Structures are given as C-alpha cells and as structure tokens.
Amino acid sequence: MSDPMNVLAPEHRRLRIGDAWRDAASGATFVVEDPATGKTIAEVADADVVDGLAALDAASKAMAEWAATPPRKRSELLTATYRALTERSEEVARLITLEMGKPLAEARGEVAYGAEFFRWFAEEAVRVEGRYNTAPAGGYRILTVPKPVGPCVFVTPWNFPLAMGARKIAPALAAGCTTITKPAAQTPLTMLFLARIMEEVGVPPGVVNVVTTERAGEVVSALLADRRTRKLSFTGSTEVGRVLLRQAADNVLRTSMELGGNAALIVCADADLDVALDGAMVAKMRNIGESCIAANRIYVEEPVREEFTARFAKRMGALSVGHGLDDGVDVGALIDEASVTKIDELVADAVNRGARVLVGGERPDGPGHFYPPTVLVDVPEDARMLEAEIFGPVAPIISFTSDDEVMAKANDTEHGLVGYVFTRDLQRALRFTEGLETGMVGINRGLISDPSAPFGGVKQSGIGKEGSHEGILEYLDVTYAAIDLP
C-alpha cells in the first residue's frame, strides 16, 4: 500500500497560525500513532498557551476584514474547499484511516460527508437575512441586522477528524467568523491537511487557524478566558462539556455543545425485519461503533426478538476485522488501548450480571487496538453498558412487550441525542417521535447524519444545532435598530 503520510509534508505537521506554518514556541512535539499497529506515523507540534494566544491574535486581526468580505466571495471559497476535498478524497480518506483506524470505505464516506458541509454552507452564506417591518403599534420601524459573533474556538473529537471540524468551520466562515481549531491529539493530521487545502484555495491568513496540542486543558482554558473569544463549539463527552461550559460562563460565550449519547434502537414487532436489520447494522457499526449517535441499546419487541437476534448476530459475526487500509476489512482498530479496556470491562460486567455472549466478547491477541463485533442477550437492567456510552462494536439486546415500557426505558438516561424506531405503523412512529426525549429520531433508518438537517441533542447531550439553516444561526448575533418613522 502507498504511504498516506506522503500527502502531508513535514512543514504541514506544524501549527497553522495566521499566514505561517510554525513550530510550537517551546519546540515541543508529540507523536501520532496508527491504532492498528501502535507504530508512530508522525510527530506534530505540541502547542502551549503562548501558541494558543498567538492563534487568537491572528483570528482577531483577521476578523474585521473577513466579516466585511462579500458573502459571495466567502461562498466561493467554501465551494472551492468542497471541490478540493472531493478531488483529493482518496488522499484524505487514507490519512483518516491511518490515524483514526476506521476502514477505508468508511473514511471515504466521511470525506464525502465532511466536504458536503462546505458546499451546504457556501449556499447558506449568501442567504443570511435580516428584516425590516413596521412596529405593531406604528410610529417606527424595526430593522434587524445579523452580524458574525466574532472569533470562534473549536474543540473537535478524534472519531470523525474531518467531518467534525468541517461541521464547525464551514458555517463559521459562511457567517463571517474567524476560527481556531484544536483537534484531538490522537487525530490531528486530517485537520492540518484541511488547513493546507483551505490555504491553497485562497482562504485569507488568520481565518482558519489550527493548534495541535496534548495540553488541551490549559490551551483551551486560556482561549476561553480571553475576552476576544466570542464563541465556543465543542464535540465530545458530556463530562468535558460540563467543564467547558463552566469556563465559557465567565465571559458569557456563545456555546454549541454536541455531547455524549446513549441511543436506544427500537424494533417493533410490525417492523420490516430486513429494513430493521440493515438499519441496526448501520446504527451500531458505523465508524466501528465509535460514534455519539451509535445504537447503544437495542430493544426488540418480544414476538420478533428471537428471529431478529439470530439474524443480527449472524451478520455481526460475519464482519471481518483488520487494518483499515487492507482490502475487505469491515471493522478497523479502536482509537487506543483505553477504549479497548473500557469495552472489555463493560462486556465482563454484563456477563458477570447474567448476560450471554452470542458473538465476539473476547479481545484478540496481537498488536493494535482491536475488539471484535459483539452481541449480548439477557442483558440485565443494572449492567453498566446500558448506562455508559459504549463507543465500540458491542450490541446489547433487550426485549420489550409494550410501547410504554420501551419508551420509559429509552428515556431513562441523562442523554438525549438520538433514538431509532423501526415500525410500519405511521401513528406508532409519530408517537415515538413525540415521546422520545431526543433531539433526533431515525424512523426506519439507521443513518441520520446530513449537512442539510439540524444535528443536536437535548438534556445532557448538548446545546444548539449543527448543519441545516439552524447551523449558521449559531454564528450570528442580531442587532435590532428602532427607526423613528411616523
């Protein structure tokens, strides 16, 4: 296989600040590993607070000019980014697989998904509108003017190293904001490659800054404490989100939070089981299960439980595990050893409490961070995996006998990101849509992510929406002017 690292020259493994690629002020670096082998694939600059504030300097200096850039020009640059990503899809996909572990086919899907945010928000950039109307009481006019919120700080996760950055950067630039992105330390290379592409298509210096670091806490804290920062968007765990919200409160920052999930996937007895099986496989195994919207708990109505479980276990057991760049691999490596250990402990806990393993359940020997696709049945309600976000290829199956019962179980969590329902009864589907305490619902569908749809949760799964028209509103303040006009 060709070396994906050939697409990222050493000079582009440094910090992107203003108009330069620079080393960390301290000269420090950290290593990036291939999770399938544990081998080092690159060293990148390890920023500290000095570097983070330098990036904020650059974003602040570029802010006024970028905000004044005609929307059509901003739109054209976003379109150019979309085209460049599409043209270089294979290079980006191989880089994603190398640093994150997912199979190449899934990485290609992420590139297409991530690129689409740039196309979508290129179209939204020229449709930001205010309004002018007569006040209801008469005597004056109401004028509203949308304005970019200002420099934005983005903290992105490792599981979708391109798409999660694109989902934030594209609407911010469309609205006229400048950005500083702190990618996950496990997967910084893809974001650096995106910054290089955006530089090449002509995005002005200081508009897109990327700060890689293993000292995320201190660097991000310093950025949030600086009054020049006006917006924080974070994708990651609920625990870290709570910490960032507390820090953001000091300067009353605009925040968008896409946090943890504990999705219930519900298969009703009247469902088309072929559709339900296809949907469950996607909802559980997309991205190796390392997704906030992954099906964490699978509830199957009793009359079809036995058939669904047998067919689902057979499909899970047929998936091939290996290096994501190898041909024919369905399930790649998990991101690190801690993830494997956590999943192994959750499975052991469930088994110790009475669950049975139908497929998988044992971590393999050898190098890399692998765990096999696993299906468990008879999972008791006190099993930790029904409360924890599994974030891996493990599927607990639980039976239910009534809609009220399963609705109560599905909602019995602090999270509220997404739920999935499979039924051929329209009224039943609508009752679940209204009754599930989630920001999103997939009806007879296991894949819901779409740049044209509002992505986000309720309860402790987040604040705000990403994608769709709502996504650009997160980056706009509204000024209201009262104009005296009898």
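This short talk goes from the chain as a whole to one of its helices.

What we have is a predicted model, in which local features need pLDDT of at least 70 and side-chain atom pairs count only at pLDDT 80 or more, while totals for chains, interfaces and linings use all residues. Residues are numbered from 1 along each chain as its sequence is written, and side-chain values use heavy atoms, with hydrogens and water left out.

Let me begin with the overall form. The chain has 14 helices and 22 strands, counted as DSSP runs (H or I of at least four residues for helices, E of at least two for strands) and numbered from the N terminus. Its radius of gyration, taken over C-alpha atoms, is 23 Å, and this agrees with a compact globule of 486 residues, because the rule, 2.2 Å times the number of residues to the power 0.38, puts such a globule near 23 Å. Along the principal axes, the C-alpha atoms fill a box of roughly 70 × 60 × 40 Å.

How much of the chain is buried? Buried residues, meaning those under 20% relative accessible area with a 1.4 Å probe and protein chains only, make up 57% of the 486.

Definitions and conventions
Buried means under 20% relative accessible area, exposed over 50%, partly exposed in between (1.4 Å probe, protein chains only).
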